[in-house]
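Q: I have a model open and want to talk through its layout. Can we take it piece by piece?

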Amino acid sequence: MREVAVIGVGMNKWGELWEKSHRRIWTEAALAAVDDAGVDRVDAMYVGCMSGGLFVGQEHLGALLADELGMGPIPGTRVESACASGGLAFRQAYLAVAAGAHDIVLATGVEKMTDVDGGAATYALSTAADQEYECYQGITFPGLYAMMARVHMERYGTTRRQLADVAVKNHAHGMFNDLAQFRMKVTAEQVMGSAAVADPLRLLDCSPITDGAAAVVLCPLEMARKLSKQPAVRVAASAHATDRIALHERDDMADLASTRHAAALAYKQAGIGPKDLSFCEVHDCFTIAEILVIEALGLVPRGKGGAAAGSGLTALGGTIPVNPSGGLKSKGHPVGATGIAQIREAVLQLRGEAGKRQVPKARWGLTQNMGGTGASTVVHIFERALGRKR
Amino acid sequence: MEVGIRGYGAYIPRHRIRVEEIARVWGADAPTYKRGLGLREKSVPTPDQDVITMSVEAARHAIRRAGIDPVKIGAIYIGSESHPYAVKPSGTVVAEAIGATPEIHCADFEFACKAGSEGMFVALSLVKAGQMEFAMGIGADTSQGAPGDALEYSASAGSAAYIFASTQLVAVCEETYAFMTDTPDFWRREYQFYPRHGGRFTGEPAYFKHTLSCARGLMKKAKVKPKDLRWAVFHQPNGKFPAKAAEELGFTAEQYGQGLLSPTLGNTYSGASPLGLTAVLDVAKPGDRILMVSYGSGAGSDGFIWRVTDRIAKVQKLAPQTRAQLEDRPIYVDYGTYAKFRGKIRKLTE
């Protein structure tokens, strides 16, 4: 397997992009990544998109978007793994480069979610859960994550305030991200006083409905310096794991086993442990999700995730900053694009280009992107390439 | 020749339903709706009240203030999205009821919530063109909102009528402006009982884009700034949107508060900004200048700048004042009564 580097990143302003179509949102991000890398062609492309069909009535995205980019007849592949579609699209791109099938590959993610109303968006998202055993009973994602929160609260004494602290921290980080959808500070009181969604989760515990796209360009590490002027960022690990899709079938509703497995594989590949990480970008689709994820990644012991945000451990300036980009909570969550945007953030951090949210001396960054209530997880670890021969 | 408002009148039904009562039935969180929409309660029309009866009430109040013989009214334009008949005009019934027939021109207007200001716009223009001495524009609605939908918390009933003339004015029209685009944020198709809407799309790209653009275009055309204007009135689909629009334009709560009726009136659709203007005229002083901007989905805004004259003080008390009607002995109904009043219960005889 060849070593792989990321040499270009692109993303547009996320939000309710009423004036832009699905394909235009994607094309803007893809072109930005190609420009950033400074390459004049790509050999293949992957598109992470959860549900072009239900959100905009458009499937067959590989062909459509390759053409939009003006790069046909290159192979274009659409990848779906619910909210982990972006992370998994990157992994397919990584594998293609590592295996020697292609040299320059574009990994992208996109979702246009606001062309449908709230009910239709909730339905589209619910297709990531177990239709027969979960959705037919009437539950949707806020309800599932609310149950995960309840278990964590009852067993470990995690408090309502600690859930709010995650939102407060990520919105504070998002203030430094000019592409974030909700670039605003929130207080714990505002979070706890916002509209009830599924007890104990409130509106400000939930990531938003977002239109957006992100893209990155990969190539073999050894070609990176020749192809691009950008500092190369090495893909140190790429891991993917699955779990039972239905929450009630899991051994433990408060344990994200797929994340735990993927993280263990990733740490092994990279030859590092959680203590070596400079920062993490994780899938905080709900505030409780970040708490569960940082436990599964081994950043904190099991059951201790609740206190991490409030204590400053996971804030910028803390021991292990989590979601310096603002996370899904502040940056937005166009589901298929989220995993790629996490990787863009990791690359910016490792290049030292993250501006006011820069983690000092960042060397190792981890991204964790998951689908549904964690039935699929993709974990990547990136290392700042130090100019030494590997 | 100066043209403007010679008489104005408002009508608000006395029945009300509280947000809590609607939320109770649907298992919704009332504080969330109250805070999110900036609404506490809304008016409810009784079974014998519709756009025609409410228009007649408001028209009579306007005639009293105008001090004219109704037979001299040359046109009546009623804007509404709840005309009682799909085919058969509301205007002729109102004209007959107030004694304005038969030498009169009638038309019913529809442009979602903008239809009322549209009727005003055309009536004013006909007087300005010298086609007639007096013309009446009315905005009235018994607004529809589907059961359980967010609109049900706001859709209410009310009407406002204006008589335009070139003599004995209470407010001179200094400027008009209109701003329209094809923006499908809210609609009701033929044979459908309730309107549909685009959720959050009704906000920034719809209400705010048109309301703010119209207000800015109007102020630019009139060469005025918010500080030059004493009052500001906007379309008020809820309590929150107009306040946000006003503040974004640089108006203070003191300027827009008087015309903001929606927190206790609800959204009277075509009646909304016309009713807000009546509430301002009720307290306005000679020389006050008023900005009024309507909004209708589909979408567009009409804008007016009015300058109040000395005659205002003589007419303010000639007919029931708007805020007095809003606050006068409201009768609170439960959801069952409300559902009956609004024809939401299917009966055997229908």
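Predicted model: local features only at pLDDT ≥ 70, side-chain atom pairs only at ≥ 80, totals over all residues.

Q: Sheets next. What is the strand order in the open sheet of 9 strands in chain B?
A: The order is β5-β4-β6-β7-β1-β8-β13-β12-β11 (chain B), and the pairing is mixed.

Q: Which strands stand at the edges there?
A: β5 (105-109) and β11 (231-234) of chain B. Each has a single partner strand, so one side of each is left without a neighbour in the sheet. From one strand to the next, the twist averages 20 degrees.

Q: In what sense do β4 and β5 of chain B pair, parallel or antiparallel?
A: Strand β4 (residues 73-79) of chain B pairs with β5(B) in the parallel sense, over 5 bridges. Within that pair of strands, Gly79(B) stands opposite Phe109(B) in β5(B).

Q: Which strands does helix α3 of chain B touch?
A: Helix α3 (residues 51-66) of chain B packs on the sheet and touches β1, β4, β6 and β7 of chain B. The direction of α3 makes about 135 degrees with that of β1(B).

Q: And where does α6 of chain B lie?
A: Helix α6 (residues 203-222) of chain B lies across β8 (171-183), β11, β12 (289-293) and β13 (298-308) of chain B. Relative to β8(B), α6 runs at about 140 degrees.

Q: What about the open sheet of 3 strands, what order does it have?
A: β3-β2-β14 (chain B), with mixed pairing. β3 and β14 (331-332) of chain B are the edge strands, each pairing on one side only. Strand β2 (residues 15-18) of chain B pairs with β3(B) in the antiparallel sense over 4 bridges, and the bridge partner of His15(B) in β3(B) is Val44(B).

Q: Which helix packs on that one?
A: Helix α1 (residues 19-26) of chain B, touching β2 and β3 of chain B. The direction of α1 makes about 55 degrees with that of β2(B).

Q: Switching to chain A. How many helices and strands?
A: Chain A has 14 helices and 11 strands. The C-alpha trace of chain A spans about 55 × 45 × 35 Å along its principal axes.

Q: What radius of gyration does chain A have, and what would a compact globule have?
A: Chain A has 19 Å, which agrees with a compact globule of 390 residues, where the radius of gyration would be near 21 Å. In chain A, 61% of the 390 residues are buried.

Q: Pick a residue. Is Phe55(A) buried or exposed?
A: Phe55(A) is buried, because 26 other C-beta atoms lie within 10 Å and the cut-off for buried is 20 or more. Phe55(A) lies in helix α2 of chain A. Beyond its neighbours within four places in sequence, Phe55(A) is in contact with residues including Glu111(A), Met113(A) and Ala124(A).

Q: Which residues are buried in helix α5 of chain A?
A: In α5 (residues 118-126) of chain A, the buried ones include Ala124(A), Leu125(A) and Ser126(A). Among what covers the buried residues of α5(A) are α2 (52-56) and α6 (141-156) of chain A.

Q: Last one. How many residues does the contact take from chain A and from chain B?
A: The contact takes 6 residues from chain A and 8 residues from chain B. On the chain A side, by class, there are 3 nonpolar, 1 polar and 2 charged residues.

Definitions and conventions: Residues numbered from 1 in each chain as written. Chains lettered and ligands numbered in written order. Contact = placed C-beta atoms within 7 Å. Nonpolar A, V, L, I, M, F, W, Y, C, P; charged D, E, K, R; others polar. Pairing = 2+ DSSP bridges. Helix = DSSP H or I, 4+ residues; strand = E, 2+ residues; numbered from the N terminus. Axes fitted to C-alpha atoms, helices over the stretch in contact; angles between N-to-C directions. Rg over C-alpha atoms; globule rule 2.2 N^0.38 Å. Buried ≥ 20, exposed ≤ 12 C-beta atoms within 10 Å, placed from the backbone.
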